[in-house]
Amino acid sequence: MNIHEYQAKEIFTRYGIPGHERFVAFSADEAFEGARQRPTEEKNFYIVKAQVHAGARGKAGGIKVARSPEEVRERTAAMLGTQLVTHQTGAEGRPIDKVLIEVTEEILKEYYASVVLDRSLAKPCLIVSEAGGMNIEEVAVEDPSKILKTYFSVENGLDQETARRTAARLVADSSKVEAFAEIFQAMARVFLDLDCSLVEINPLAIMKSGGVVAIDAKINFDENAGFRHPELAELFDPRQEDPRELEAMKANLSYVGLTGNIGCIVNGAGLAMATMDIIKQAGGEPANFLDVGGGASKEKVSAAFKIILADSNVRAILVNIFGGIMRCDIVAEGILNAVKELNPEGNSLPGNIPLVVRLEGTNVEQGKALLEQSGLKIIPASGFEDAANKVVQALNS
């Protein structure tokens with residue numbers, strides 16, 4: 001689960017990670033009044049930040065400097081109610097419903113810091129770099145020597161001495177080592193205490209006045225641990241999510257929207273990934289990742305069709321099921337129910353969208369018989385490659 005920057009900074013404050021004076025505004029007038037109550041000193045200024053679940057906000061116009069409360073109001077008015085489009089959002093963008101306004105000053109030096117789980121070693125890892133404010137993935141490729149990694153245990157966390165050694169390798173100014181080490185330890189505590197998948201500060205900055213401050217803040221939580229942290233549910237912002245993914249969550253389906261035009265309904269994450277790969281190999285483009293799970297009911301299958309068809313880009317659908325716990329006849333019933341619900345008077349999906357079905361495994365003959373006897377326009381496939389080729393051919397024709 002992702003959260004907004006202002007929410008992440010509230011958590012940072014509880015853990016002692018320093019930040020600038022700030023407030024959240026939901027209207028231009030509220031932004032003006034908040035800025036007016038926080039007058040800047042001669043060398044300070046305001047930063048107005050769009051609160052959306054996406055990076056690269058600055059390049060997209062979602063972060064603006066303001067020199068007065070009047071400018072804060074203007075910047076806020078220009079952002080609120082619009083969609084911010086970055087390379088992470090897709091063409092549809094993310095709605096700006098609120099802004100974070102901070103009183104800040106000139107930055108002297110920027111750094112990068114994050115805590116993530118290294119799955120290959122099954123250990124949490126502190127990653128730091130002197131290349132703050134930049135795309136860390138690009139830095140890792142172009143100059144890996146600038147990336148420093150420090151591993152620590154889940155049981156003991158990041159100890160003070162290890163944090164100091166890491167800070168000393170990163171920061172040239174020895175007077176700042178202690179401040180950086182304390183922030184690194186606090187980040188590790190946030191990561192472990194709240195079952196995070198990512199805690200990131202980019203940039204972590206030394207300000208001209210000498211302070212060390214988290215300029216940005218990003219926290220992602222592991223949803224599998226949500227039952228341990230029910231209080232975090234209130235941080236969820238459904239406005240920042242794909243509506244199709246929200247519907248999939250309600251139906252307990254694993255769904256990720258993509259940019260292609262072939263909808264996929266599959267049982268099992270591995271099979272879903274392989275299905276997307278073979279569609280691309282056949283010359284098509286998958287419109288989604290959708291895993292109905294190993295024991296899906298016919299209601300789940302029907303819900304999956306509705307979610308996929310809510311995507312206006314979908315021009316064909318491939319159902320690829322390997323029945324184990326999940327019976328092929330149940331899948332077939334779900335397909336028939338879905339078609340009848342979506343197009344009660346017809347014998348095909350709305351818009352005559354081609355439907356290719358490949359069934360294998362438990363009760364496969366019963367499932368195939370149900371589809372054959374239904375009278376619906378369904379293209380049967382006998383194998384993995386055959387299914388991919390047929391859905392691409394149906395799309396092109």
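**Aromatic cluster, enclosed spaces and backbone exceptions**

F180 is buried, at 0% relative accessibility. Here buried means under 20% relative accessible area, exposed means over 50%, and partly exposed lies in between, with a 1.4 Å probe and protein chains only. The model is predicted: local features need pLDDT of at least 70, side-chain atom pairs count only at pLDDT 80 or more, and totals for chains, interfaces and linings use all residues. Residues are numbered from 1 along each chain as its sequence is written, and side-chain values use heavy atoms, with hydrogens and water left out.

A pair of aromatic rings is described by the distance of the centres and the angle of the planes. Rings of Phe, Tyr and Trp (its six-membered ring) pair if their centres lie within 6.5 Å; planes under 30 degrees apart count as stacked, over 60 as edge-to-face, and the rest as tilted. Y111 and F180 pair edge-to-face, at 5.1 Å centre to centre and 80° between the planes. Y111 lies in strand 7 (residues 107-118) and F180 in helix 6, so this pair ties together parts that are 69 residues apart in sequence. Helices (H or I, at least four residues) and strands (E, at least two) are DSSP runs, numbered from the N terminus. Y111 is buried, with a relative accessible area of 6%. F180 and F184 also pair edge-to-face, with 6.1 Å between centres and 75° between planes. These two residues are 4 apart in helix 6, separated by about one helical turn. Both F180 and F184 are buried. Y111, F180 and F184 form one aromatic cluster.

Charged side chains also meet aromatic rings. A charge sits over a ring if NZ of Lys or CZ of Arg is within 6 Å of the ring centre and within 35 degrees of the ring normal. The charged end of K109 sits over the ring of Y111, 5.4 Å from its centre. The charged end of R67 sits over the ring of F45, at 4.8 Å from the ring centre.

F184 is also a contact of T166, which touches L126, V128 and T150 as well, not counting residues up to four places away in sequence. Contact means heavy atoms within 4.5 Å. T166 belongs to helix 5 (residues 160-170). T166 is buried, at 3% relative accessibility.

Helix 1 (residues 5-14) has 7 of its 10 residues buried, so it is largely enclosed by the rest of the structure. The buried residues are E5, Y6, Q7, A8, K9, I11 and F12. Just after helix 1, G16 has a positive phi of about 85°.

Rolling a probe the size of a water molecule over the atoms shows where empty space is left. On a 1 Å grid over the protein atoms alone, a cavity is a set of points where a 1.4 Å probe fits but cannot get out; a pocket is an open set with protein on both sides within 12 Å along at least five of seven lines; lining residues have an atom within 4 Å of a point. Grid points are joined across faces, edges and corners, and a volume is the space filled by probe spheres set on the points. The structure holds 1 cavity of 30 Å³ or more. The largest cavity has a volume of about 40 Å³. Its lining consists of K9, F12, T13, I17, P18, G19, R22 and A214. Helix 1 gives the most to this lining, with 3 residues. The lining of the largest cavity divides into 4 nonpolar, 2 polar and 2 charged residues. Ala, Val, Leu, Ile, Met, Phe, Trp, Tyr, Cys and Pro count as nonpolar, Asp, Glu, Lys and Arg as charged, and the others, Gly among them, as polar.

The second largest pocket holds about 220 Å³ of space. Among its lining residues are L117, R119, F191 and D222. Helix 6 (177-193) and strand 10 (196-207) each supply at least two lining residues. The lining of this pocket comprises 7 nonpolar, 1 polar and 3 charged residues.

Most residues other than glycine have a negative phi, and most peptide bonds are trans. A cis peptide bond joins N202 and P203, with omega of about 10°. P203 is in strand 10. A56 has a positive phi, near 60°. A56 is partly exposed, at 27% relative accessibility. Phi of A122 is positive too, near 55°. A122 is in the loop between strand 7 and strand 8 (123-129) and is exposed, at 59% relative accessibility.
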